[in-house]
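The chains are shown below.

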Amino acid sequence: MQAVLPGLAAVDFWSLPQQVVNGVLLGAIYALIALGYTMVYGILRLINFAHGEVFMLGAYVALFVSWKLGYSPEAMMAGPMPSNILNLVLMLVASMVVCAVVGVVIEFFAYRPMRNQPRIASLITAIGVSLLLQYGGALFLPVSPPPAIREEVNPFPGAFKVWIRQPQEPLKSQFLLAEREFEASQQALREEQYKLRTGETDPTKLLAKQAEVDAALARFSPLDQQVQKASTRVILPHGLVIMLCTSLLLMLLLRWLVMKTKIGRAMRAVSHDFDSAALMGVNVKTVVVVTFLIGSALAGAGAMMYATFQNLTISTFFGVQPGLKAFVAAVLGGIGNVPGAVLGGLLMGVAEQLVSWVGLTAYRDAVAFVILIVVLLVRPGGLLGSSKVEKV
Amino acid sequence: MKFWLVRLASIAVAVGLCFFVTGWAKGVLTDYGYTLVVLSGLYVTLAVSLNLINGITGQFSIGHAGFYMVGAYTSAILTQRLYAQQSLGPEMWTVAMALAGAVTAAIAGFVVGLPSLRLRGDYLAIVTLGFGEIIRIIVQNQEALGGSYGIEAKMTPSVDSAPWVWMLAVLCIAVCRNLLKSAHGLPFLAVREDEVASAAMGVDVTKVKVTAFVVGSMFAGAAGGLFAPFISFITPDTFRMDQSFIILTMVVLGGTGSITGSVVAAVALFGIPEYLRLLKDPSTGQALTLSGATVAAVFLAVGLMVWGMRTVGANVHGSSSRRLLPNLGVLGGAGIVGWLLSLALSNVPQLAASRYDMNLLRMVIFAMALIVLMLLRPQGIFAHHEFSWAGVGRLFKRQPQGAPA
């Protein structure tokens, strides 16, 4: 057992809640991408391999918008700049709109002409589109050095902190006081830096603020070390909370759209039986377009939040791993099943974090498939899906 | 008697051809060109063996690189550890490595084939894909297997792999072709056409599916077994998911179920990117670069061509010869438009200034070719047809006038 799980002896079980929280946050993004896979599959029985690349384009759109808003590396030379929630909303909307358009364009050029052909043919065009965007994107998108969205774009640098296990009383209040002082000094330094652009500040003022931060940190870090040993706190950065809430909101919106609107009813009908729905007067073309529109917009939203709040570097292969994980999540939940995709995404995110937590970080990309194979052997149709005989 | 004489003669001719053609290629080609001959032989084996699983038996497998990897690592480890002590001689060692790779990959194929009894269609596809990824990630994290750095499998004295590689390819083609032509192959086709109906007619579906997986992965493993000693250094990255996709693409592009198609598509799809890599600028002798204007013009022209040819296909009915002239017209028209566009676009300063070299562009062209070919010929180059001498004869015969199409 020791050989199989090398890190288990050293695992700190008190860090489990934090890992689960991180897993849920990651899983929310997987779920957003998985929704796109599962919706397209539900309607067309097509594995849209280009979905991960739509996600990648979404991250680039968010990056470009943030550059236009003044957070480009060149503009940041002049000093940091305060951000607000409007910037985030602009980036989110731009990503969603561009991704929706790209998704519909891909459908029009690569999938629609293949509608009456064997499904494997459209699978190959999907692979082709995916390769085209990965390698073709590198021709005109910035790739080296790999860009990342500046963390200054996030206007909420703080974090929610929840005690799981509290430290002793005098220590706790001392610690909280020191922490508050440290964070306040950091905030003060940041605000001083914002004045760099207008020239209202000078290096001596900045240095003084920096010294204050250093002093506060010197008081804070020994206390922090003591507290670390005796207590547990779950830390939830504000940005990630926004990410989670937005994802949940979008999922609820989708749920409402699918269950309560006319187009949603049409989508369910087409997903149930493509040909009969067409015979019953459902405009199948519109349904397919709307499906790609929504699925891609969700991927765009996921990409913007993933790239912004996790501060990841972006390349044209940005979508490959999340795309694959999300696809696995969709199959895990039962492909074609909307709640299944969300469930699968969350499971996938949590499982991945837990595998890293027990010290098997190297295997975190494999665990997705292991879970998938185990689940499919028990339930061949996925967790929430149904299984029926079909021909390839 | 005559049957066996024909068999023996064709085996002798095939083996002779393998040695003769590769020997000739070694004399004529550069080292690099010769490497391509060997690798294309491996891809032919991979594509045809995947075709057995995907095209002939109808099981949707997209993790073929996993079996290839199992075979390659088996032979790499054996070669690294035992090659110095062995007394088989390099030629027999090569054959032994192909066999070893085949055996381990067949075991892996059996294990992966088992879920195929329960899973269907896309679910099976994702499980096979997952199998390939799991194998790769495990190997990547085993220090004994070289980890992500890779493993050396050098054979000194080395051996000329090409005839063996091509003999494997011929063997694979022969097995699949004979299976298709014989009564033993009918259950495979029946399972592809309708699993439930074939089970009702008494076909042992389980046996057929597992056999297809075992035989298909066996050949992939044998190809891996020859690949590792030939290339002498393998890394897990060689066997990424993309590799599986490329093999799958060869099968579909050639025509699912057509062995001839797999062979042609394997050589073409492997050859095109390598050919593009070699292109040189005639004026400078440097690697060829294209301006943004040319790239954009070519893309637009290709789009126009696809649209035109699809329009012709939809509107001109009857035999394919009636579509030939309009299609040639579309091709010429698209060419002229592309040329004019490249002239016009070169006035756009941004497009004219940017230059891309072929190494960047070759995967783009590859992806473009994939999409265009699928749009124009979704059933694959050969569809379900096979090469035969009678078919070649028919090509040169005039069609009788007024015959039903």
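A polar contact is a pair of N or O atoms within 3.5 Å; within protein, one must be able to donate a hydrogen and the other to accept it, and residues adjacent in sequence count only if both atoms are side-chain atoms. Between chain B and chain A there are six residue pairs in polar contact, both residues at pLDDT 80 or more. The model is predicted, with local features requiring pLDDT of at least 70, side-chain atom pairs pLDDT 80 or more, and totals for chains, interfaces and linings using all residues. Side-chain values rest on heavy atoms, without hydrogens and water, residues are numbered from 1 along each chain as its sequence is written, and chains are lettered from A and ligands numbered from 1 in the order in which they are written.

The two chains bury about 4,200 Å² between them, 77% of it on carbon and sulfur atoms; this is the accessible area (1.4 Å probe) lost on being put together, summed over both. In chain B, the greatest losses to chain A fall on B:Asp122, B:Tyr123 and B:Ile126, together 15% of what that side buries. Zero salt bridges are found across this interface (a side-chain nitrogen of Lys or Arg within 4 Å of a carboxyl oxygen of Asp or Glu).

Over all chains, the structure holds zero disulfides (cysteine sulfur atoms within 2.5 Å).
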